[in-house]
Amino acid sequence: MSLRDFGLLALVCLFWASNNIVSKYVIATLGVPPLFYAAVRFAIVALAVFPWLFPMPRPAWRLVTVALLMGGGNFALLFMGLQTATPSAVAVVSQVGVPITTLLSMLMLGERIRWRRAVGITLTLAGALLVMWEPGGFAVSPGLMFIVAAAFAGSLGAVMMKQMEGVKPLQFQAWVGLASVAPLALLSAVFEPGQVEAGLRAGWQFWVGVVYSALVISVGAHTLYYGLIQRYEANLISPLTLMTPLATIALGVAILGDPFGLRMAIGTAVALAGVLIIALRRNQVMPLLLAVWNRSQ
């Protein structure tokens, strides 16, 4: 990989990492409801990439299902988790999406899991559980449970996406945005009364945050990532994207004051070691999965 392209990948990972910080600030500090935030974000994405919407890839039902899983479902659950969970913990626990995708690939795509990847799965899950562990026992944090649910939605969508062909990145982004807006807006109207007023009270900071999240992260960084995937082997790109959770933790500690003790450090090291082992093994959906989760970081 050239120094220029490595720099681009590092920049993409930094942008992805910053998104958790921005989203946490908008949702937890400014008080913008998470479903409303996700709906506005995807409305902006849909408008920005609308020219790439047609022709509609087939089958239509699979495209819409994948768009909802990897778009509205994934991000809504992520933002709901960020209401109470720290970005640092989210960055580690979200890595469970990697072993979940590997297992789903085995069930749905017929991939075989050998002992090295099984070790990686075990380490990733063990590291995530260690991060969720409290001195008094295992803490079932509602926020982190939302993150696990988001990981499953993104993983299932990634595997189903692999069963489709000929869908270009910006075209997929357009359908993700279009398919996600209406369900998220409806859910927000039902479960988040006063959401529009909350967004207006948040003022310009909310709009800067949501535009940054939609255009810089979902459209810009994601498109750059796919360009790199097309030029280099997935087994080279995928491990390098582990810069994203590391940068997320660093930014969370530096900007938001996230706690980062010995238990968190060990859990992070174990989980990322497991992800690295999985990423270095040949896998049909690993590049797509890491794009999905890193884009949401």
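**Exercise 1. Decide whether Trp-175 is buried or exposed.**

Solution.
- Start with the value: Trp-175 has 8% relative accessibility.
- Apply the cut-offs: buried is under 20% relative accessible area, exposed is over 50%, and partly exposed lies in between (1.4 Å probe, protein chains only).
- Trp-175 therefore counts as buried.

Two notes on the source. The model is predicted, with local features needing pLDDT of at least 70 and side-chain atom pairs pLDDT 80 or more, while totals for chains, interfaces and linings use all residues. Residues are numbered from 1 along each chain as its sequence is written, and side-chain values use heavy atoms, leaving out hydrogens and water.

**Exercise 2. State what share of the protein chain is buried, and count its helices and strands.**

Solution.
- The protein chain has 297 residues, and 54% of them are buried.
- Helices (H or I, at least four residues) and strands (E, at least two) are DSSP runs, numbered from the N terminus.
- The chain has 14 helices and 2 strands.
- Next, look at contacts, meaning heavy atoms within 4.5 Å.
- Take contacts between residues at least 6 apart in sequence: 90% of these join residues at least 24 apart.

**Exercise 3. Check the length of helix H1 against its residue count.**

Solution.
- Helix H1 covers residues 3-29, which is 27 residues.
- The expected span is 1.5 Å times one less than the number of residues.
- That rule gives 39 Å for H1.
- The end C-alpha atoms of H1 are 38 Å apart, which agrees.
- Just after H1 comes Gly-31, with a positive phi of about 75°.

**Exercise 4. Find how many aromatic pairs the structure holds, then classify the pair of Phe-36 and Phe-206.**

Solution.
- Rings of Phe, Tyr and Trp (its six-membered ring) pair if their centres lie within 6.5 Å; planes under 30 degrees apart count as stacked, over 60 as edge-to-face and the rest as tilted.
- The structure holds 7 aromatic pairs.
- Phe-36 and Phe-206 are 6.0 Å apart, centre to centre, with 25° between the planes, and form a stacked pair.
- Phe-36 sits in helix H2 (residues 34-48) and Phe-206 in helix H10 (residues 204-231), so the pair ties together parts 170 residues apart in sequence.
- Both Phe-36 and Phe-206 are buried.

**Exercise 5. Classify the pair of Phe-54 and Trp-175, and locate both residues.**

Solution.
- The ring centres of Phe-54 and Trp-175 are 5.8 Å apart and the planes are at 90°: an edge-to-face pair.
- Phe-54 is in the loop between H2 and helix H3 (60-82), while Trp-175 is in helix H8 (residues 169-191), 121 residues away.
- Phe-54 is exposed, at 55% relative accessible area.
- A cis peptide bond joins Phe-54 to Pro-55, with omega about 5°.
- Pro-55 also belongs to the loop between H2 and H3.

**Exercise 6. Describe the surroundings of Phe-206.**

Solution.
- Phe-206 has 0% relative accessibility.
- Setting aside residues up to four places away in sequence, Phe-206 touches Val-26, Leu-30, Val-32, Phe-36, Tyr-37, Val-40 and Gly-199.
- Phe-206 and Ile-27 are 179 residues apart in sequence, but 9.0 Å apart C-alpha to C-alpha.
- Ring pairs also place Phe-206 in a cluster with Phe-36, Tyr-37, Phe-42, Phe-75, Phe-79 and Trp-207.

**Exercise 7. Describe how H3 and H8 pack.**

Solution.
- Two packed helices are described by the angle and the distance between their axes.
- Axes are lines fitted to C-alpha atoms, for helices over the stretch in contact; angles run from 0 to 180 degrees between N-to-C directions.
- The axes of H3 and H8 come within 8 Å and cross at roughly 65°.
- A crossing is right-handed if the near helix is turned clockwise from the far one by less than a right angle, and left-handed if anticlockwise.
- H3 passes H8 in a right-handed crossing.
- Residues of H3 in the contact include Leu-63, Gly-71 and Ala-76; those of H8 include Phe-172, Trp-175 and Leu-184.
- Ala, Val, Leu, Ile, Met, Phe, Trp, Tyr, Cys and Pro count as nonpolar, Asp, Glu, Lys and Arg as charged, and the others, Gly among them, as polar.
- The contact of H3 with H8 has 13 nonpolar, 3 polar and no charged residues.

**Exercise 8. Decide whether Ser-88 is buried or exposed, and list its contacts.**

Solution.
- Ser-88 lies in helix H4 (residues 87-93).
- Its relative accessibility is 0%, so Ser-88 is buried.
- Apart from neighbours within four places in sequence, Ser-88 contacts Thr-248, Ile-249, Gly-252, Val-253, Asp-258 and Met-264.
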